[in-house]
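The following exercises concern a single protein chain.

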Amino acid sequence: MPAARGTELRLLLLAVAIVWFAFLLVDANALGQITFSIVGYGASFTAVAAVAHLAVRRWAPYADPLILPCTVLLNGLGLVVIHRIDLGLAEQAVQRGKVYSAVAGQQVLWTVVALVLFLAVLGFVRDHRVLTRYGYLAGLAGIVAVLLPALLPASLSEAGGAKVWIRIGPLSLQPGEFAKLLLIVFAATTLVAKRELFRVAGRKVLGVELPRARDLGPIILAALGCVAVLAFEKELGASLLFFGIVLVMIYLATERVIWVYAGLTVFAGGCVLAYFLFNHVRQRVANWMDPLATYDQAGGGYQVAQGLFGLGTGGMGGTGLGAGRPDIVPEANTDFITASIGEELGFLGLAAVLMLYLLIALRGMRHALAVRDSFGKLLGGGLAFTVVMQIFVVVGGVTKLIPETGITAPFLSKGGSSLLANYILVALLLRISDAARKPSATDPVQAVRAPLAEAGTVLVRRPQ
């Protein structure tokens, strides 16, 4: 067994210890006593980490040893913060004479389901190159997943003004979270098949050599179709995510910076058009420009302002886990969970959390560059960039760097769809890193060399 698995195990033990200690701090500061609920949460979380490690040890023994511990620690910290906000909301409910049902238990159940999908991907996808067989099918499924909520009645698909959900009884699912993975597989498959045509074939327009429309068409149609549908569904944050992913993958495949400039130009034009077409876009821009000016308006800047107040209260070191008031920020356990972390762990704690995301992305990109096949390079690069893009959009909206988009933080935020999709993403990154780190069967260092007396004569060319 490679030594990396031992490193991974030690890091997982550290992550589990941090999460257990964080649970104890939350209860001690918020309640003044340790409750039995954290035992159930902590034990379930520890079991998930153990099973995930055993699965990687069994099915991806050469995988990167940092990706899974970082993922588990983020997942655990998210569970801690959700539990902390549950305590605050329960206290508010008591003051109002109401009853509040904690949602941390639901997050544990979603984590278990995410683990099942994680195991399924590692167990059945033994070689990431198998996904190329289903590239166009994945593209079609991705478009259908994005389109479906727009076709359903608002009662089954709308929440917070955005039609991006599918509700079946008490369960709700956001298919767009899975669509991003399907579209990454589709884009990687198409770009690998027609990579050289993108570089040399086509006509020159304004001095720029463009590929033929029939070669570039499928990817452009898929990207624009998703953006148009998501605009109709009033969820422009996901549109930004999809468009950015496709743009970066085209750049990775062609190594031509002109695609970045062209994409940014199209994106800027789309932003201006969306501002004049959609009232909710204008509202979010107004909230971004001055949240205090729209503080008391319906759909105004109250949420953004409260998040900024929380970050300001936290300062550098934070108020301490369980000692703040993140529960007074609307959607503190979903869209604004990073504001909750910034309040109770401070700038330093939030920076440490962001470093965990950066480690996952950097290690994923490193192995995408090292893997031997072009499809793995594009797939790994797209998946790694997705992690960075998501957290940039989330934290940018919370800190008022960009308008708030409503996208949830991977692994941290409450909700099943994001957790399921991102565990699948991590499983694919581990599979690619396993392929990149696995010794080659034809590696001359690994090969058994014949004795010198029996070695044949080999002709070599003199270096110039």
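A residue is called buried under 20% relative accessible area, exposed over 50%, and partly exposed in between, with a 1.4 Å probe and protein chains only. The model is predicted, so local features need pLDDT of at least 70, side-chain atom pairs count only at pLDDT 80 or more, and totals for chains, interfaces and linings use all residues. Residues are numbered from 1 along each chain as its sequence is written, and side-chain values use heavy atoms, with hydrogens and water left out.

**Exercise 1. Overall description**

Task: State how many helices and strands the protein chain has, and what share of its residues is buried.

Solution. 
Step 1. The protein chain has 16 helices and 6 strands; helices (H or I, at least four residues) and strands (E, at least two) are DSSP runs, numbered from the N terminus.
Step 2. Of the 464 residues in the protein chain, 49% are buried.
Step 3. Contact means heavy atoms within 4.5 Å. Among contacts with a separation of 6 or more, 72% join residues 24 or more positions apart.

**Exercise 2. Helix 4 against helix 16**

Task: Determine at what angle helix 4 and helix 16 pack, and which class their crossing belongs to.

Solution. 
Step 1. Axes are lines fitted to C-alpha atoms, for helices over the stretch in contact, and angles run from 0 to 180 degrees between N-to-C directions. The axes of helix 4 (residues 104-124) and helix 16 (residues 416-437) are 8 Å apart, at an angle of about 30°.
Step 2. Helix 4 is therefore roughly parallel to helix 16; the classes are roughly parallel under 35 degrees, roughly antiparallel over 145, roughly perpendicular from 65 to 115, and oblique for the rest.
Step 3. The crossing of helix 4 with helix 16 is right-handed. A crossing is right-handed if the near helix is turned clockwise from the far one by less than a right angle, and left-handed if anticlockwise.
Step 4. The residues in contact include Trp110, Leu117 and Phe118 in helix 4, and Leu420, Tyr423 and Arg431 in helix 16.
Step 5. By class, this contact has 15 nonpolar, 3 polar and 1 charged residues. Ala, Val, Leu, Ile, Met, Phe, Trp, Tyr, Cys and Pro count as nonpolar, Asp, Glu, Lys and Arg as charged, and the others, Gly among them, as polar.

**Exercise 3. Helix 7 against helix 10**

Task: Carry out the corresponding analysis for helix 7 and helix 10.

Solution. 
Step 1. Helix 7 (residues 176-193) and helix 10 (residues 236-254) cross at roughly 20°, and their axes come within 10 Å.
Step 2. This angle makes helix 7 roughly parallel to helix 10, and their crossing is right-handed.
Step 3. Among the residues that meet are Ala179, Leu183 and Leu191 in helix 7, and Phe242, Ile245 and Met249 in helix 10.
Step 4. The contact divides into 12 nonpolar, 1 polar and 1 charged residues.

**Exercise 4. Nonpolar cores**

Task: Identify which residues have the most contacts inside the largest nonpolar core.

Solution. 
Step 1. A nonpolar core is a set of buried Ala, Val, Leu, Ile, Met, Phe, Trp, Tyr and Cys residues joined through side-chain atoms within 4.5 Å.
Step 2. The largest core has 99 residues, and Phe118, Tyr357, Leu379, Leu383 and Leu412 have the most contacts inside it.
Step 3. Beyond its neighbours within four places in sequence, Leu383 is in contact with Leu181, Ile184, Leu425, Leu428, Leu429 and Ile432.
Step 4. A second, separate core has 6 residues, including Ala145, Val146, Ala179 and Phe242.

**Exercise 5. Individual residues**

Solution. 
Step 1. Most residues other than glycine have a negative phi. Lys400, although not a glycine, has a positive phi of about 70°.
Step 2. Not counting residues up to four places away in sequence, Gln303 touches Val329, Pro330, Glu331, Asp335, Phe336 and Glu404.
Step 3. Apart from neighbours within four places in sequence, its contacts include Val26, Asp327 and Glu344.
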